[in-house]
Amino acid sequence: MNVATTSDKKTAPHHAESTCSRTLRVGLFKNSALLLACRVSAMLVSLVTVPFVIEKLGLVGYGSWEVLLSVSTITTIFQNALGGTLLWRVSSAYGAGHRKEIRRLPGLGIAITLMVFVVTFPLVFAFRHSLVQLFHIPLELRASALIILPCIVGVTVLGGVNESLAAVLRGSQEAGYASVIQTLAGFMNAGVLLIGLARGTGLWSLLAGYSVAALLTGVGYYLRASYLYGWVDIRPKWPTRQDVLATRRYMGLLSIGSFSSLLRGETDKLVLAGFASPAWVGIYAIAAKMSSVVMESSNFFYNPTIAASGAMNGRGDWEGVKKLYVTMASVFPVAAGLVSVLVLSLYDRLTVFWLGRSVPGIAPILFLIVAGNAIAVILTGSGTSICKGLGRLEIETTYVVTGLILNIILTVTLILTVGAIGTVIASTVSWAIGAVLFIVLLHRRFDLPLMGTYRSVGALVYVAAVVTVARVLIPTYTAGPDRLPALLSALRLGAVLGCIFLLPFIMANAKTLMNQKRLPMLSTARNEGQG
């Protein structure tokens, strides 16, 4: 006769939750590995396309394209909030095993996207002349810009359809596959772009590549989602009253965060165009692409962490969430810190290797952007992703609103005192203050281990120290526009800097593993002694 003990009955649910938690964490890192491979591929494509665009259009032409793209990106505030809200709901439904609900949710996002398009596209079309003049688009590009601007805004807004389908994949622990689809579409974008520029179509080739990539991304997302859940119904569905009540708070708070994030990046470009020239926007865009690898280093883990924490929360596994926070509070600082050290220490060599020439005036903008990105990722990356997975955005919204208000005040003040670059300084300073506020509020609200946060703060200080010493000791690259010497120099110095930066983290993890192995040995010895 088999009789289960009381202890067995109590530990069985805990064991099941631990197994689910481990499975979700393993899935998280699998998705992160796919994201890493895809982003590295996308960066390699960027190495080829951006220099080619600058060569064909010049720095002013490249800056003009970035201005048009920034206007369209600002219209995605609502779209980003929509995608994030659907990701939260899909991940919760996935954790609870509600397949029917997952199949229904994309239709809600598509309906809302179409409503936003009906409002946004005519508005931009009506004011296209004023916008082109406001941002100092050169006369030789204005005729095409007047048509391209509303078209690219329309394509961008309709990208909400793609985001609705992507939420199904990411919320179902398929973020890696979603990234593969997006990367393949990016390859097509680059192919269309290069062919068009080679044939002299100018800005039109950029629009064509952008549109092709958006279409192929949507098709890929739909096919993968249909493979998982049967043919997904993408007909627009009007949100029910229950949908509105369930999502209005989350989506509203997420919209504030999306607006603040866009204000730091895209609005900086528009301010530089309005108060300076598109050439400044071109320099900013180059610096932003170099610094984007800092954010990308966190994106490998960000959406998978949201999905994993949402699924754990859906199963009521709070201990799993706490362990996930400790894990990711160690992963985010190492990834973002290493990339920040390499970019800031070797930017002159990297610029020559990438573009074939140095870019005067890029250093202050690059250092400011990377500093803001590093502070945000290292201090808040793990916390914000888990808060989104839990559906608790109050803390992030508080810090976002604080940073937003500071950003507006500092932008106006610094532009009047130091000029157009004041908008970049304002973004970095306000982001740093907001990040500190976030980690304080996070630990007041949630019972999350402080150890990870202490390590994050220490890692940030360590990054600043390593970069400062590196820039003092490493001479400025002066070999001229020669890509191969610049690459070889960057590889040699990067290997040394990487080892120096990673050494403390490797030693700390090795010590932790040794302690974990020692504990079972001590426990066994005690039991034998008692025996």
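This is a predicted model: local features need pLDDT of at least 70, side-chain atom pairs count only at pLDDT 80 or more; totals for chains, interfaces and linings use all residues.
Now step back into the helix itself. α5 covers residues 139-171, which makes 33 residues. From first C-alpha to last it reaches 46 Å, close to the 48 Å expected at 1.5 Å a residue. Even with that span, α5 has a kink of about 45°, centred on A145.

Rolling a probe the size of a water molecule over the atoms shows where empty space is left. Searching the whole structure this way turns up two cavities of 30 Å³ or more.

The largest cavity holds about 60 Å³ of space. Its lining is made up of T75, F78, Q79, L82, I112, T113, V116, V157 and G160. Sort the lining by class and you get five nonpolar residues, four polar ones and no charged ones.

The second largest cavity has a volume of about 40 Å³. Around it sit Y325, I378, L379, S382, I439, T453 and S456. Here α12 (362-390) and α15 (450-473) each supply at least two lining residues, with α12 giving the largest share, three residues. By class, this lining has four nonpolar and three polar residues, and again none that are charged.

Terms used: Residues are numbered from 1 along each chain as its sequence is written. Side-chain values use heavy atoms; hydrogens and water are left out. Helices (H or I, at least four residues) and strands (E, at least two) are DSSP runs, numbered from the N terminus. The expected span of a helix is 1.5 Å times one less than its number of residues. The bend at a residue is the angle between axes fitted to the seven residues ending there and the seven starting there. On a 1 Å grid over the protein atoms alone, a cavity is a set of points where a 1.4 Å probe fits but cannot get out, and a pocket is an open set with protein on both sides within 12 Å along at least five of seven lines; lining residues have an atom within 4 Å of a point. Grid points are joined across faces, edges and corners, and a volume is the space filled by probe spheres set on the points. Ala, Val, Leu, Ile, Met, Phe, Trp, Tyr, Cys and Pro count as nonpolar, Asp, Glu, Lys and Arg as charged, and the others, Gly among them, as polar.
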